[in-house]
Amino acid sequence: MTELEQIDRDIDIPDPFDSRKRSDGSRKKKFFGVVCVLSVFAVVLIVILILPSGDSNSFNTDFSSEEQELRSIMCSIACEIHEYSRMNGRLPRIPEDIDISSQAVTYTEEDDSSWFLQSPDGIIYYSDMDPVEFEKGEI
C-alpha cells in the first residue's frame with residue numbers, strides 16, 4: 001500500500017445520510033423541549049386566569065342589608081322601566097312616568113334605547129343587565 005492510499009484510508013469522510021439523521025434527532029429534541037416549556041407556560045397562565053386572586057376577580061356577594069335593600073329597589077325600578085318601554089315603545093322621559101319612590105336612585109337616559117340607574121353609593125344598574133342577577137349581586 002502506498003503512502004497516498006494510506007492517507008486516503010486515514011481520512012474519515014462522513015456519510016451525508018448519517019449527519020442528517022443526527023441533526024434531525026437533535027432538532028426533534030429541541031422542538032420537544034420548546035413544546036414542553038410552552039405547554040407548561042400555557043397551563044400556568046390558564047390556572048392564573050381561572051382562579052380568582054383575592055377579591056379582585058370575584059364578585060362581592062356578601063353585602064350589607066342596606067345594599068341589598070337598595071339593589072332590590074333598583075331592580076324593581078329597572079323592571080318598571082323595561083315594562084314601560086315595552087308598552088310605550090320608548091323610554092320614560094321623566095321619573096314621574098314610572099314610580100321612582102326613592103330619591104336615592106337617579107335615572108339617566110343615555111340615548112333612545114339605553115339608560116342607567118345610579119345610587120349615591122356608586123351602585124350602577126345598566127339597561128342591558130339582568131335585573132334578577134343584579135338583585136342577587138351576581139353582576
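Colleague: Is Ser 114 buried or exposed?
Modeller: A note on the model: it is predicted, local features need pLDDT of at least 70, side-chain atom pairs count only at pLDDT 80 or more, and totals for chains, interfaces and linings use all residues. Residues are numbered from 1 along each chain as its sequence is written, and side-chain values use heavy atoms, with hydrogens and water left out. Relative accessible area, taken with a 1.4 Å probe on protein chains only, sets the classes: under 20% is buried, over 50% exposed, and anything in between partly exposed. Ser 114 has a relative accessible area of 15%, so the class is buried.

Colleague: Thanks! Which residues does Ser 114 touch, not counting residues up to four places away in sequence?
Modeller: Ser 114 lies in the loop between β1 and β2; strands (E, at least two residues) and helices (H or I, at least four) are DSSP runs, numbered from the N terminus. A contact requires heavy atoms within 4.5 Å. With residues up to four places away in sequence set aside, the residues touched are Leu 91, Glu 109 and Ser 127.

Colleague: How many bridges join β1 to β2?
Modeller: Two strands pair if DSSP finds at least two bridges between them. A hairpin of 5 residues connects β1 and β2, and Thr 108 stands opposite Phe 116 of β2. Strand β1 covers residues 106-109 and β2 residues 115-118; they run antiparallel, and the bridges number 4.

Colleague: And what is the bridge partner of Leu 117 in β3?
Modeller: Strand β3, residues 124-126, pairs with β2 in the antiparallel sense over 3 bridges. These two strands form a hairpin with 5 residues between them, where Gly 122 in the turn has a positive phi of about 95 degrees. Across from Leu 117, the partner in β3 is Tyr 125.

Colleague: Which are the edge strands of the sheet?
Modeller: The sheet is open, has 3 strands in the order β1-β2-β3, and its pairing is antiparallel. Two of these strands pair on one side only, and they are β1 and β3.

Colleague: Which helix packs on the sheet?
Modeller: Angles run from 0 to 180 degrees between N-to-C directions, with axes as lines fitted to C-alpha atoms, for helices over the stretch in contact. Neighbouring strands of the sheet are turned by 20 degrees against each other on average, direction ignored. The helix in question spans residues 65-88, touches β1, β2 and β3, and has a direction at about 160 degrees to that of β2: α3.

Colleague: How many degrees lie between the planes of Tyr 107 and Trp 115?
Modeller: Rings of Phe, Tyr and Trp (its six-membered ring) pair if their centres lie within 6.5 Å, and planes under 30 degrees apart are stacked, over 60 edge-to-face and the rest tilted. Of such pairs, a search of the whole structure finds 4. Tyr 107 and Trp 115 form one that is tilted, 6.1 Å centre to centre, with an angle between the planes of 50 degrees.

Colleague: Why is the pair of Phe 116 and Tyr 126 tilted?
Modeller: The ring centres of Phe 116 and Tyr 126 are 5.9 Å apart. The pair links distant parts of the chain, 10 residues apart, with Phe 116 in β2 and Tyr 126 in β3. Phe 116 is buried at 16% relative accessible area, while Tyr 126 is partly exposed at 34%. The pair counts as tilted because the planes stand at 50 degrees.

Colleague: Last one: the charged end of which residue sits over the ring of Phe 134?
Modeller: Ring pairs link Phe 134 into a cluster with Tyr 107, Trp 115 and Tyr 125. A charge sits over a ring if NZ of Lys or CZ of Arg is within 6 Å of the ring centre and within 35 degrees of the ring normal. At 4.7 Å from the ring centre of Phe 134, the charged end belongs to Arg 71.
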